[in-house]
Amino acid sequence: MQLVLEKRAERSNTVALISPLIAIGLTIATMVILFAILGKNPLLALHAYFIAPLTDGYSLQEIAVKATPLVMIAIGLSLCYLANAWNIGAEGQFLIGAVAGSWIAVKTQGTDAGAWVLPAMLVLAAAAGALYALIPAICKVKFGASEILTSLMLVYVADLLLDYLVRGPWRDPHGFNFPTTAEFDPVATVPLLIEGGRLHLGAIISLLVVAAAAILLGRTIKGFEIRVVGAAPRAARFGGFNADQLVILTFAVSGALAGLAGIIEVAGPVGHLQPGISPGYGFTAIIVAFLGRLNPLGILIAGLFLALTFIGGEQAQIAMKIPLDVTKVFQGILLFYVLACDSLILYRFKLESSNRQVSRGAG
């Protein structure tokens with residue numbers, strides 16, 4: 001007898017619904033083994049990761065703060081993936097948005113500029129992120145270049161540009177030679193929602209983005225076009241839908257949302273531009289998008305869950321001396337299991353006799 005994968009006659013909606021839960025369960029089981037190998041009590045480690053952050057008001061705020069960029073970026077990525085366009089460079093678009101928006105904050109520093117500064121920063125960051133995302137999109141449409149490779153390579157360009165600016169022309173002269181800009185003026189920072197905490201207006205913007213995406217995908221012709229082009233390209237061509245134009249559109253929207261998330265992060269929790277403003281939000285958002293089944297509401301839930309792993313990882317590092325990199329291991333394992341479990345939507349395991357395998361090969 002041999003265990004083989006057999007293609008299903010039709011897509012399993014039940015498996016599609018429970019696939020993320022199976023992936024999470026398998027990831028936690030794997031992490032239990034990893035904690036034991038590290039010499040840590042698995043139950044205490046899981047408590048530190050997933051229970052302790054939910055029992056403290058400040059930690060709950062921090063989960064929302066971490067989830068804000070994850071959800072915003074993942075919504076944009078989901079539009080690309082639904083249209084069968086693979087934007088892997090959201091991290092670079094996040095950084096470019098942060099740089100572009102920060103330019104206004106740096107140039108108006110100490111000038112008593114008015115309330116127009118923050119809206120201008122948001123608009124410029126979104127525009128910069130969209131334009132940066134259009135580079136791999138146009139390369140794909142015009143030259144057939146792989147958008148996966150081009151978008152990914154542009155991440156390093158954005159990272160090095162940010163590093164150059166904060167170590168060179170934008171470095172704070174009173175910052176004791178640290179690679180950072182001066183603290184942004186109050187008019188260039190995102191307002192807080194709760195006094196004494198770090199929860200900011202960006203969380204509300206993120207929820208509005210989720211609502212807008214849900215309406216776009218569920219109630220508009222453009223949303224229908226995105227789904228059809230991704231699911232049935234041949235039928236889309238017969239229907240008169242232009243796949244190339246959709247690649248351009250979805251990449252632009254995805255880049256705009258990533259850039260917007262970048263400046264909200266800098267002008268919100270961070271308060272200035274510096275290297276390392278992202279712990280990998282652009283890459284983690286890929287996991288969020290797939291864990292949320294490319295559905296806006298699912299992405300919101302998945303974003304909160306992945307944000308919980310960031311905060312839980314920090315608490316586990318403090319309480320149990322567990323390396324912070326274990327959080328990245330957790331997220332990587334989760335992505336592996338999500339993609340593996342997704343195969344069960346289209347395929348199923350089946351026991352097959354060796355004789356049948358031989359006869360099939362002979363035929």
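Helices (H or I, at least four residues) and strands (E, at least two) are taken as DSSP runs and numbered from the N terminus. The model is predicted: local features need pLDDT of at least 70, side-chain atom pairs count only at pLDDT 80 or more, and totals for chains, interfaces and linings use all residues. Residues are numbered from 1 along each chain as its sequence is written, and side-chain values use heavy atoms, with hydrogens and water left out.

**Exercise 1.** Determine in which helix Glu62 is found, and decide whether Glu62 is buried or exposed.

Step 1. Glu62 belongs to helix H3.

Step 2. Buried means under 20% relative accessible area, exposed over 50%, and partly exposed in between (1.4 Å probe, protein chains only). Glu62 is buried because its relative accessibility is 8%.

Step 3. Contact means heavy atoms within 4.5 Å. With neighbours within four places in sequence set aside, Glu62 is in contact with Arg198 and Ile311.

**Exercise 2.** Identify the residues with the most contacts inside the largest nonpolar core, and state which helix gives the most to this core.

Step 1. A nonpolar core is a set of buried Ala, Val, Leu, Ile, Met, Phe, Trp, Tyr and Cys residues joined through side-chain atoms within 4.5 Å.

Step 2. The largest such core contains 101 residues, and Ile73, Tyr81, Met121, Leu273 and Leu334 have the most contacts inside it. Helix H3 (residues 57-82) gives the most to this core, namely 13 residues.

Step 3. Not counting residues up to four places away in sequence, Tyr81 touches Trp86, Asn87, Ile88, Ile286, Ala289, Phe290 and Leu294.

**Exercise 3.** Characterise the lining of the largest pocket and that of the largest cavity.

Step 1. On a 1 Å grid over the protein atoms alone, a cavity is a set of points where a 1.4 Å probe fits but cannot get out; a pocket is an open set with protein on both sides within 12 Å along at least five of seven lines; lining residues have an atom within 4 Å of a point. Grid points are joined across faces, edges and corners, and a volume is the space filled by probe spheres set on the points.

Step 2. The largest pocket holds about 930 Å³ of space. Its lining comprises 28 residues, of which Arg11, Phe290, Gly292, Arg293 and Leu294 are the closest to its centre. H1 gives the most to this lining, with 6 residues.

Step 3. Ala, Val, Leu, Ile, Met, Phe, Trp, Tyr, Cys and Pro count as nonpolar, Asp, Glu, Lys and Arg as charged, and the others, Gly among them, as polar. The lining of the largest pocket divides into 18 nonpolar, 6 polar and 4 charged residues.

Step 4. The search of the whole structure finds 1 cavity of 30 Å³ or more. The largest cavity is lined by Val65, Thr68, Pro69, His200, Ala261, Ile264 and Glu265, and this lining divides into 4 nonpolar, 2 polar and 1 charged.

**Exercise 4.** How many disulfides does the rule count?

Step 1. A disulfide is a pair of cysteine sulfur atoms within 2.5 Å. The count comes to 0 disulfides.

Step 2. Cys139 is in no disulfide, the nearest cysteine sulfur being that of Cys80, 15 Å away.

Step 3. Cys139 counts as partly exposed because its relative accessibility is 23%, whereas Cys341, at 5%, counts as buried.
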